[in-house]
Amino acid sequence: MNVSDSFKDPELCKKLLEQLHNELDAPLRFMEVCGTHTVAIFQSGLRPLLPKEIVHLSGPGCPVCVTHESEVAAFLDLAGKDGVILATFGDLMRVPGPKGRNLKLAKAEGARIEIVYSPLDALKLAQDNPNDTVVFLGVGFETTAPTIAASIQMAKQQNITNFKVLSFHKLVPPALKVLLEDPECAVDAFLLPGHVSTILGIEPYQFVAERYNTPGVITGFDPVDILESLLIMVEQRKKGKASIVNQYKRAVSDSGNAKAREIMFSVFDIAEAQWRGVGTIPESGLIIKNEYEEFDALKALDITLTEVPQTPGCKCGEVLKGKMQPNDCPLFAKACTPAKPVGPCMVSTEGSCAAYFKYQVTA
Ligand code: SF4
């Protein structure tokens, strides 16, 4: 059995599950910060096998889901501008903005929008279209920000001045702090995101354990990873201890990726950011440094974010804070489905509402 298969080993899963059932003696409200964990728990078939005392809370770790309505409005405004080509990852295309409009609709109406797989594709688009301004929609967490920073550095080195980035990147640890400060969230432990942690390592989460006495486990995406992590949480809660543990050592170094962080912080400064359904969080976003301002779409195209009301009826904010289960939203699987999403949590493959719909409604 190779290393990768060993994390899916059914015999080991059976043993860990048994152990979990034996060890768990009180309800455990744990948050799946990252939507990929929510999907992994459903996909592996683990969910119905877990002890009933385990309460799954969704978290704010789906980048598309936390993109604020006013940020989507800015994308849509740009989509109508002459001489502008938008370059975006595909999962933003169907995210509803004001009045239910989205980029897919804007493209159908003639806006120039290209789906790219990397910011380097957007840079190439800029080189190929020297008479247009190519704006890359920078959405995502610490995982994607370093690559986008590198593309800005390349644009500067190669003097590709018609390449711009609209940076609405967000940082995960400040959002955890907001949840920990909110008594209604009542999170017992965090399943910390595997991908973001490849960049961050353990240190940026230490405050979770030290200041809030809450365990956190950086976790991989296979069933053995998840079961081991739940056991670590249960053990810590039983002992009344809290620490940050790196269960995903095969992918995440305790110190993270220093080089990626260096690139990221050589291009971006930390600033406040607006999170959909959560509000403004201090020091939770990334803006482009003055040194690279010619590549900053906000400045170059004079974009200001406008007040946009929350999508009526959508409970994404409650879902993203773990205060509501997706299937408790009155619109879930009725007015809101993956084919006709009302909120972003039903759009993205990492969105909790989309995961619950796929595995609970259509499974
Ligand atoms: Fe929003 Fe739809 Fe999820 Fe309800 S089911 S919270 S409307 S995305």
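Predicted model: local features only at pLDDT ≥ 70, side-chain atom pairs only at ≥ 80, totals over all residues.

Me: What makes strand 3 and strand 5 a pair?

Reply: Strands and helices here are DSSP runs numbered from the N terminus (E, at least two residues, for strands; H or I, at least four, for helices). Two strands pair if DSSP finds at least two bridges between them. Strand 3 (residues 84-88) and strand 5 (residues 133-138) have four bridges, in the parallel sense, so they count as paired.

Me: Which sheet holds them, and why are strand 4 and strand 6 said to stand at the edges?

Reply: The sheet is an open one of four strands in the order 4-3-5-6, with parallel pairing. Strand 4 (113-115) and strand 6 (163-167) each have a single partner strand, so one side of each has no neighbour in the sheet. On average, neighbouring strands of this sheet are turned by 25° against each other, direction ignored.

Me: What lies across this sheet, and at what angle to strand 3 or strand 5?

Reply: Angles run from 0 to 180 degrees between N-to-C directions, with axes as lines fitted to C-alpha atoms, for helices over the stretch in contact. Helix 4 (residues 69-79) lies across strand 3, strand 4, strand 5 and strand 6 at about 140° to strand 3.

Me: What is the order of the five-strand sheet, and which strands are at its edges?

Reply: The five strands form an open sheet in the order 2-1-8-9-10, with parallel pairing. Strand 2 (54-58) and strand 10 (244-246) are the edge strands, each pairing on one side only. From one strand to the next, the twist averages 20°. Strand 9 (residues 216-218) and strand 10 run parallel, joined by three bridges, and Val217 has Val245 as its bridge partner.

Me: How do you know that strand 7 pairs with strand 12?

Reply: Two bridges join strand 7 (residues 169-170) to strand 12 (residues 279-288), and at least two is what pairing asks for, so they qualify. They run antiparallel, with Leu286 in strand 12 as the bridge partner of His169. Strand 12 is also joined to strand 11 (residues 268-275), antiparallel, by seven bridges. There, Gln274 stands opposite Thr280. The hairpin of strand 11 and strand 12 has three residues between the strands, and Gly277 takes a positive phi near 75°.

Me: Why are helix 7 and helix 12 called oblique?

Reply: Under 35 degrees counts as roughly parallel, over 145 as roughly antiparallel, 65 to 115 as roughly perpendicular, and the rest as oblique. Helix 7 (residues 145-157) and helix 12 (residues 258-267) cross at roughly 55°, their axes coming within 8 Å. That falls in the rest, so the two helices are oblique to each other.

Me: Which residues make that contact?

Reply: Contact means C-beta atoms, placed from the backbone, within 7 Å. Among the residues making it are Ala149 and Ile152 of helix 7 and Ile263 and Met264 of helix 12.

Me: What makes helix 2 roughly parallel to helix 11?

Reply: Helix 2 (residues 10-23) packs on helix 11 at about 20°, with the axes 10 Å apart. The cut-off is under 35 degrees, so helix 2 is roughly parallel to helix 11. Leu16 and Leu20 in helix 2 and Leu227 and Leu231 in helix 11 are among the residues that meet.

Me: And why does helix 3 get that label with helix 15?

Reply: Helix 3 (residues 35-43) and helix 15 (residues 352-361) pack at about 10°, axes 9 Å apart, which makes helix 3 roughly parallel to helix 15. The contact includes Val39 and Phe42 of helix 3 and Ala355 and Tyr359 of helix 15.

Conventions:
Residues numbered from 1 in each chain as written. Contact = placed C-beta atoms within 7 Å.
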